[in-house]
Amino acid sequence: MNSLTLDNLAAGLETFGGDRYQALDVFFEDLRLLPEGDRARLLVDGSSGFAFSSRDRWYRLELLDNNRVARVTRKASPPGTGALAGGGLGALAGIALSPDGKSTEGAAVGLLLGMLVGAALEQDGPRESSAPRRVFALRFDPNTGTWRAYAGGLVGWMKAQLAPGNAVAGLG
Amino acid sequence: MPPRPPFPDVPDDPAIDDIVERYLREMARYELAAQAVADRLRRELRAEARMRHLLSFRAKHPEDLREKLKRKVLEEDEEAASGRPRRYLTSQLYRNLNDVVTDLAGCRVVVYEADDEARVAALIDRTFAFPDRGERDDTKPAPLRQRGGYRATHRLVLASTEELSLSGAICEIQISTLSAHLFNELEHDITYKERLRKASPEERECLADVRRVTKLADRQVSHLMNAQRRGTAATDIIASPEALRFSLESMAERDLSGDFARLYQMLNAIIRPLSRHALQAMGQLRDTLEHGSAEALELDIGAGDDVIHIVLGLTQFREEFLAQASSFRGPRTPLRRALDALAKRHSVDNQTRVAQAVDRLTDE
């Protein structure tokens with residue numbers, strides 16, 4: 001079974017360097033326990049998320065869309081409480097990501113798909129969630145542990161999963 | 001191999017039988033030649049993402065060759081009085097049959113819209129190499145609009161410049177609309193049969209009606225396709241390579257060339273939603289094309305390929321395009337080669353920047 005680590009999630013968001021993309025949405029279904037080391041790195045961050053550090057940067061991890069999308073964004077600073085999430089994961093019981101079984105193609109070939117979400121194309125345009133914005137479809141290659149560009153048949157489905165309700169506050 | 005004597009210079013039936021017999025032994029080569037041309041055409045037409053079409057190919061049936069040789073000899077007999085030189089001579093047919101009978105390998109592209117006949121011809125002119133026909137200059141004739149009603153565009157191309165076994169093989173490509181093809185086939189049958197018996201007045205009248213109806217069908221299909229494109233444009237969302245091409249051509253106010261299937265795949269994976277609004281938000285297309293064309297010139301690639309110019313001109317997506325190109329599968333198309341050249345230069349630029357940074361650190 002393919003799985004992602006917290007460092008893999010952070011690396012996905014940093015695919016292109018800079019701050020061109022503010023979020024990485026990864027599509028998954030099953031929740032499994034993370035490796036021991038990763039579980040211990042998760043800190044509680046607010047009421048609905050977790051924080052972790054990777055390569056000296058802080059990131060926030062949220063579960064959206066009925067726990068079917070894992071969103072990773074950057075954090076300027078460590079979480080306020082600093083409390084470990086390990087004991088407080090509760091029903092989440094940690095996170096390991098596997099293909100979203102709802103997409104039959106994904107389930108059949110074990111694809112791990114993610115989409116970088118970036119700024120609106122029009123700098124001065126409306127801030128509606130439907131305004132055209134940069135995205136970038138990715139596929140995680142478990143053999144090399146790296147993210148690669150994806151332009152296959154599931155791109156349309158991935159874009160449709162970026163529901164307006166999940167718009168990231170502060171995205172330009 | 002010279003003809004077996006004593007065949008006359010104007011081929012008679014025994015000479016024609018012998019020529020057909022020799023062709024039978026080489027027929028597989030022309031089948032491969034036609035298939036090679038068809039395969040390449042199919043890829044290019046799909047990438048253009050514009051033209052609905054039907055594509056077929058064949059090696060000429062030996063009996064059709066026999067019929068053609070006999071017919072041409074008779075035609076040249078009738079024209080001999082006017083002093084017109086014969087082409088269908090026994091010596092020429094034995095020296096190089098394909099040079100005289102240019103449709104031993106044949107492809108047919110049937111398009112839905114009349115305007116696409118010229119577009120397919122232009123695509124063929126950009127894609128294929130052409131045989132050296134000397135003074136005959138018959139590889140790219142003007143569209144045929146014959147008095148009898150035959151309507152089509154023809155091209156004579158070299159089947160392959162790489163495959164040794166197909167070296168020198170000529171393939172004839174016929175392009176016509178679906179309606180014109182229907183008329184052309186019926187007209188050919190009746191004209192051919194005229195040599196055995198005259199067509200009846202009823203047959204002639206029906207054929208004239210078919211000719212009128214097929215011309216009307218061509219006009220109406222064009223109207224319908226334009227209405228369909230206007231309807232698609234009104235929805236703003238671009239959901240296919242065809243819709244992308246239509247939107248970009250509307251913005252550029254001219255026809256555009258290149259691999260729109262791949263461009264759609266690339267843009268669809270980096271813009272949400274991909275729409276006419278999004279295309280407009282990316283900047284003036286004219287500027288993008290100009291910038292991309294200048295860069296293509298510097299890289300010495302992609303001349304005349306608008307898709308390559310668009311990709312090179314959209315510098316705000318350069319890293320994304322290069323990342324996508326590294327995952328491309330399939331043949332190394334001109335677009336892929338352009339992105340490889342760009343990646344190579346990008347890498348050299350990065351190495352130079354790193355070296356300069358190291359130098360600065362060393363100086364400090």
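Reply: Strand S1 (residues 21-27) of chain A runs antiparallel to S6(A) and is joined to it by five bridges, where strands are DSSP runs of E with at least two residues, numbered from the N terminus, and two strands pair if DSSP finds at least two bridges between them. Within this pairing, A:Tyr21 has A:Gly118 of S6(A) as its bridge partner. S6(A) also pairs with strand S7 (residues 133-141) of chain A, again in the antiparallel sense, over six bridges, and here A:Val117 stands opposite A:Val135 in S7(A). Strand S6 (residues 113-120) of chain A is mostly covered, with eight of its eight residues buried, buried meaning under 20% relative accessible area with a 1.4 Å probe and protein chains only.

This is a predicted model, in which local features need pLDDT of at least 70 and side-chain atom pairs count only at pLDDT 80 or more, while totals for chains, interfaces and linings use all residues. Residues are numbered from 1 along each chain as its sequence is written, chains are lettered from A and ligands numbered from 1 in the order in which they are written, and side-chain values use heavy atoms, leaving out hydrogens and water.

As for the rings, those of Phe, Tyr and Trp (its six-membered ring) pair if their centres lie within 6.5 Å, and planes under 30 degrees apart count as stacked, over 60 as edge-to-face and the rest as tilted. By this rule there are seven aromatic pairs over all chains. The ring centres of A:Phe16 and A:Tyr21 are 5.7 Å apart and their planes lie at 40°, so this pair is tilted. A:Phe16 and A:Tyr21 are both buried, and together with A:Phe136 they form one aromatic cluster.

Key:
Buried means under 20% relative accessible area, exposed over 50%, partly exposed in between (1.4 Å probe, protein chains only). Helices (H or I, at least four residues) and strands (E, at least two) are DSSP runs, numbered from the N terminus.
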